[in-house]
Amino acid sequence: MKNFEYAAPTTESEALQLLGDSSVSTEILAGGTDLVGLMKKMIVTPDRVVNILGIPSLRTLERRVDGQLWIGAAVTLDTLLDSPYLAGYDAVTQAIRGINSMQFQCQGTIGGEICQRPQCWFFRGGRGLLGEGGQAAANGDNRYHAIFGNDGPAKFVHSSRIAPALIALGAAVRVIGGAAGRGPDGADGEVGERLVPIAEFFQTPRHERQRETILAPNQLVTHIVLPSPAGIANATYEVRHGEGPDYPLAAASAALRMDGERVADARIVMGQVAPTPWNTVAAAALLRGRSIDETVAEAAGQAAVADATPLSQNAYKVQLAKVAVKRAILAAAGHPTGGF
Amino acid sequence: MTESTIKGPGDPGFSRRDFLRGSGAVAAATALQTHAAAANQEGQAAGPAIVRGETTITLQVNGESKKVTVEPRTTLLEVLRTQLDLTGAKPISHDGSSGGSTVMIDGKPMSASTLLAVALVGKKIQTVESLGGPKPDAVVKAFVEHDALQCGFCTPGFVMAVRAFLDKHPQATEAEIRGGLNGNICRCGTYANIIQAAIAVVKGGK
């Protein structure tokens, strides 16, 4: 590991002060389950590491009067699972359970989970985030790479397991610092803050200077904000190799606003298939106005993958993504999914 | 921890650990002292303190206060193994994916290999060594009775994982135990006996 300087701020503004020093490259440390491994391999080599675990406001769980759930970015996943606050957010609960390692759950935080770097073996092997401008994956072993959104240099899949559920449920992230917005008194230079719809938080990097989120180096995610789950049937389904802590091959989260037996509105988001979580409008459109049964869910799965563009070795993931969508919809509606 | 008592034939008084302590460890300790003299602890006039270079911190390990000298990049696993002679936690995966370096921090199972030591001041750190001694923990006894190890390299991580899981779920079923231990990997494939050991602990009520 390259050595770095270390600081553990105790307030949000202290954290921004440490992150805002443009003379040093910085990384934000929370649980460390991803960052420390990347630093050991010298894939990530910051000058300064800012540990946010000691900031009390980032470790809170709060249900607001309007029904919103505010989850501090540094809340660990096991704390979330053990709390009563996830009731109704089945898609999130199932995604966290899927992580399948109590060590990762106890150590890892929800902010870190959504900001984790890709598992792409070209990236982790030191060939750059895009793997030589996408050539490594295009010409090499791309069995776990993207089947959507892979026309640019980014061929990796976004690794977050919780993000698809958060997007399906319409969550936002509270971002502070940088150009996040003006301060409360409207003055520049204050601790700006902004609520970003989480679907807009992720981006597909076009070159090596970009990352997988819109977060600037001097910005920090402080909270994940979930709207009330009232009236929203939701679920996550992951297609996995086996039972270990490996990442799934394909996943989907479904959120259905029901009007009696029929779907009034739906949002279906696939995971592990594209450089960002992948919202499938076609599947959602197909569900509207219909009641859920196996045939409808199957058709939605088909619609979700109709425009997939698999690489040379990952066409098998198209079928897995289809099944994930189908089963996430069935699970959300309370039907048996088949399989396990 | 107890010293390794495995000795080769015709090699009565000498353990592998004695050898290691006699050679590399001394050189490393000397190097640490040298750098410590040059440690750079600039407290900034305004804003939070920034730790640069080596610093001496106190960690609470197995109920004792231990002074150690670390850099920001030093992991807990490195401190345990090279400074405190607690070599139970193993460097297997480096990224925590094996569970081989599982320790408990404030009672929760975590991977020492992905924790920075400097971030753990004030936390209660518990290693597998705390479960040994003359009166070993029920999990340790159950591992022995159920032959729950082959090469033994993953064993300390599994022992800690079983202990942590059963502390939280003392009435766990076999299926729950299997789920709870998913974060640990045994390449010998001794899972069946590990699960039996854990079930025995549940039945024994400890």
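**Figure 1. The interface of domain 1 and domain 2 of chain B in the predicted model.** Across this interface, three residue pairs, both members at pLDDT 80 or more, are in polar contact (a pair of N or O atoms within 3.5 Å; within protein, one must be able to donate a hydrogen and the other to accept it, and residues adjacent in sequence count only if both atoms are side-chain atoms). Strand β3 (residues 102-105) of chain B supplies the largest share of the side of domain 1 that touches domain 2, namely three residues. Zero salt bridges are counted between the two domains (a salt bridge being a side-chain nitrogen of Lys or Arg within 4 Å of a carboxyl oxygen of Asp or Glu). In the domain assignment of chain B, domain 1 covers 16-33 + 51-130 and domain 2 covers 138-204; such bounds come from an automatic or database assignment. In contact (heavy atoms within 4.5 Å) are 15 residues of domain 1 and 13 residues of domain 2 of chain B. About 1000 Å² is buried between them, with 73% of this area from carbon and sulfur atoms (buried area is the accessible area, 1.4 Å probe, that two parts lose on being put together, summed over both).

The model is predicted, with local features requiring pLDDT of at least 70 and side-chain atom pairs pLDDT 80 or more, whereas totals for chains, interfaces and linings use all residues. Residues are numbered from 1 along each chain as its sequence is written, chains are lettered from A and ligands numbered from 1 in the order in which they are written, and side-chain values use heavy atoms, with hydrogens and water left out.

**Figure 2. Elements of chain B.** Chain B contains seven helices and five strands (DSSP runs, H or I of at least four residues for helices and E of at least two for strands, numbered from the N terminus). Their order along the sequence is α-α-β-β-α-β-β-β-α-α-α-α. Of the 206 residues in chain B, 43% are buried (under 20% relative accessible area, with exposed over 50% and partly exposed in between; 1.4 Å probe, protein chains only). Among contacts in chain B with a separation of 6 or more, 52% join residues 24 or more positions apart.

**Figure 3. The interface of chain A and chain B.** Chain A brings 34 residues to the contact and chain B brings 36 residues. The area buried between the chains is about 2700 Å², and carbon and sulfur atoms give 56% of it. A:Y6, A:M102 and A:Q103 lose the most area on the chain A side, together 24% of what that side buries. Three salt bridges are counted between the chains; one of them joins the side chains of A:D78 and B:K108 at 2.9 Å, N to O. α5(A) gives the most to the side of chain A that touches chain B, with five residues.

**Figure 4. The surroundings of A:N314.** A:N314 sits in the loop between α12 (294-305) and α13 (316-332) of chain A. Its relative accessibility is 0%, so A:N314 counts as buried. The C-alpha atoms of A:N314 and A:N142 are 6.5 Å apart, although 172 residues separate the two in sequence. Leaving out residues up to four places away in sequence, A:N314 touches A:N142, A:R143, A:H145, A:A146 and A:I147. A polar atom of the A:N314 side chain lies 3.1 Å from the backbone oxygen of A:A146, and this side chain also reaches the backbone nitrogen of A:L311 at 2.6 Å.
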